[in-house]
Amino acid sequence: MRDYRNSRFTFHVSPKVSTVNPEADNNLQEWEAQLADYALGVMESGAAAEFERQLNECRTHVMLAQQYSQVIAMLGYSAPSAEPPMDHKARFMSRLAATSQGAGATDVTSAIPVSVASPAAVPSEPIVGSTQPTPAPITDLGEYRERKRARLSLPALAAIAAALVLLVGGTAFLTSLINKPAQPQLVAFRVQGHGPQPSASAFCVLDTKTNEAFLLTTDLQPLSPQQVYELWWLPAKGSPVAAGTFNVDNTGKARHTAKAPETVAQFTGVAVTVEKAPGGRTPAGDVVLVGNYAVP
Amino acid sequence: MDLLPSTDNQLVVRLANGDAKALEQLYDRYVRQCFGLALRMLGDAALAEEVVQEVFLKLWNQPEKYSAQKGKFASWLLSLVHNRCIDELRRRSRTEVALDDPATGSLLDTKPDPDMDPGDKVWLAEQQRAVREALAGIAPEQRRVLELAYYGGLSQSEIAAKLKQPLGTVKTRMRSGLQSLRKLLGSSDLMRET
């Protein structure tokens, strides 16, 4: 049975709206008690499904339920924030990378090595486990706090690690740090429909060696002869830079190549607008595609 | 034309595009609160770490589960952590929940982590202050019932049995507590969508 808890924030009121006045409802207090269990996620699934079915028949009850749910959601801030172990992020990113690499590639990406993987397919089970040793379970928060206070700062740990490396003659390790893996040549990312063409999409591949972008669009609407699509490089700050114009075929597909003025790494995204032919040096028309990227 | 995102909602959009950096930013922004909540509920750091990882992985794999209609992203994310912790608590015994235990803290214990990014620390401190003030504004017996329900995953029937109080009393306190919190928090921008 589906987990009702993650859907309870979005309610859909049926066309048949109840005319019952909740203030006059003698069972309102009992209903609110049930609502509390439902909103806290502790109601049994079978009872919750029935409760939700009845809930969606009254707009006033839906509004109350939404408010209760939002209040309960905010109780998450009542817990004291706590620093996870220092290696938690590294373990998570490794697990994320393993999950992404295990996902199947789409038709567009299959022939292109990508540096930013798309979660095209979701593994049925999360990848569990880590090669790093797990610290012993902590039985109470007091022990956790003591352990946290006893931790060395990151710079101190780095200094100690460096000294140990030098002591045992770890020149090979230092050399490997200097000769870091080369920046991946190809960076691929999706470009999403925007504004008047939300269902359009595109795939963009950047070649970091030649500083070129290859754009492949789908579902863009064909334009009149007086208009063109124009690609733009988006910098972190400043105005977009023109990257050439193109038209689509009658199926909305187009291929366009553009060379960055200097390097692709100086920009952080691309966008496509509709412009008056033959295009211009500054964007004036609607944005129909936009996507962001980061060159590692 | 500035199309570069910076808010939670815009980071989620980038994440849905396969941008791992956006996920990393959201992780850096919320991992401490998520871990703190999981640790408070489970009392087990290893389990809390696992729950937090699973929640962020779920966010990566299913970003479409969040929409602005569901309220603030941060609240929604903490709800995922809360639900996952309830699953864990149900899997094992739920008798370890302590009221105002000095080791595990109470709903009023909300000190920000000193090692956080300064901007995030200020923002989180503001959220925690607002929630702390609201909780301090409701009756202690109402707060106690909310603690057992929220942190312990107990239904009102189970709370009544645990506290050896009439079910009707528990229901009244729960309802009154939530109504009061709704009024106290409803005027703040914490409940508004971003």
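The sulfur of B:Cys34 lies 9.6 Å from the closest cysteine sulfur, that of B:Cys85, which is too far for a bond. The model is a predicted one. A disulfide is a covalent bond between the sulfur atoms of two cysteines. A pair of cysteine sulfur atoms has to lie within 2.5 Å to count as a disulfide, and over all chains the structure holds zero of them. B:Cys34 counts as buried because its relative accessibility is 0%. In chain A, A:Cys204 also counts as buried, at a relative accessibility of 1%.

**Aromatic pairs in chain B**

Over all chains, the count of aromatic pairs comes to 13. One of them joins B:Phe73 and B:Trp76 in a tilted arrangement, with 5.9 Å between the ring centres and 40° between the planes. B:Phe73 is buried, with a relative accessibility of 1%. B:Trp76 has a relative accessible area of 3% and is therefore buried, the limit being under 20%.

A further aromatic pair is formed by B:Tyr150 and B:Tyr151, and this one is edge-to-face. The two pairs are set out below.

| Pair | Centre to centre | Angle between planes | Arrangement |
|---|---|---|---|
| B:Tyr150 and B:Tyr151 | 5.4 Å | 75° | edge-to-face |

B:Tyr150 and B:Tyr151 are both buried. B:Tyr151 also has a charged neighbour: B:Arg40 lies over the face of its ring, 4.1 Å from the ring centre. B:Phe73 and B:Trp76, for their part, belong to a cluster in which ring pairs also link B:Tyr30 and B:Tyr66.

**Chain A as a whole**

Chain A has 296 residues, and 40% of them are buried. Its secondary structure consists of seven helices and eight strands. Among contacts in chain A with a separation of 6 or more, 62% are between residues 24 or more positions apart. The accessible surface of chain A is about 16,000 Å², and carbon and sulfur atoms account for 57% of that area.

Technical notes. Residues numbered from 1 in each chain as written. Chains lettered and ligands numbered in written order. Predicted model: local features only at pLDDT ≥ 70, side-chain atom pairs only at ≥ 80, totals over all residues. Heavy atoms only, no water. Phe/Tyr/Trp six-rings, centres within 6.5 Å; stacked < 30°, edge-to-face > 60°. Buried < 20%, exposed > 50% of the residue type's maximum accessible area, 1.4 Å probe, protein only. Lys NZ or Arg CZ within 6 Å of the ring centre and 35° of its normal. Helix = DSSP H or I, 4+ residues; strand = E, 2+ residues; numbered from the N terminus. Contact = heavy atoms within 4.5 Å. Areas by Shrake-Rupley, 256 points an atom, 1.4 Å probe, with all protein chains shown as cover.
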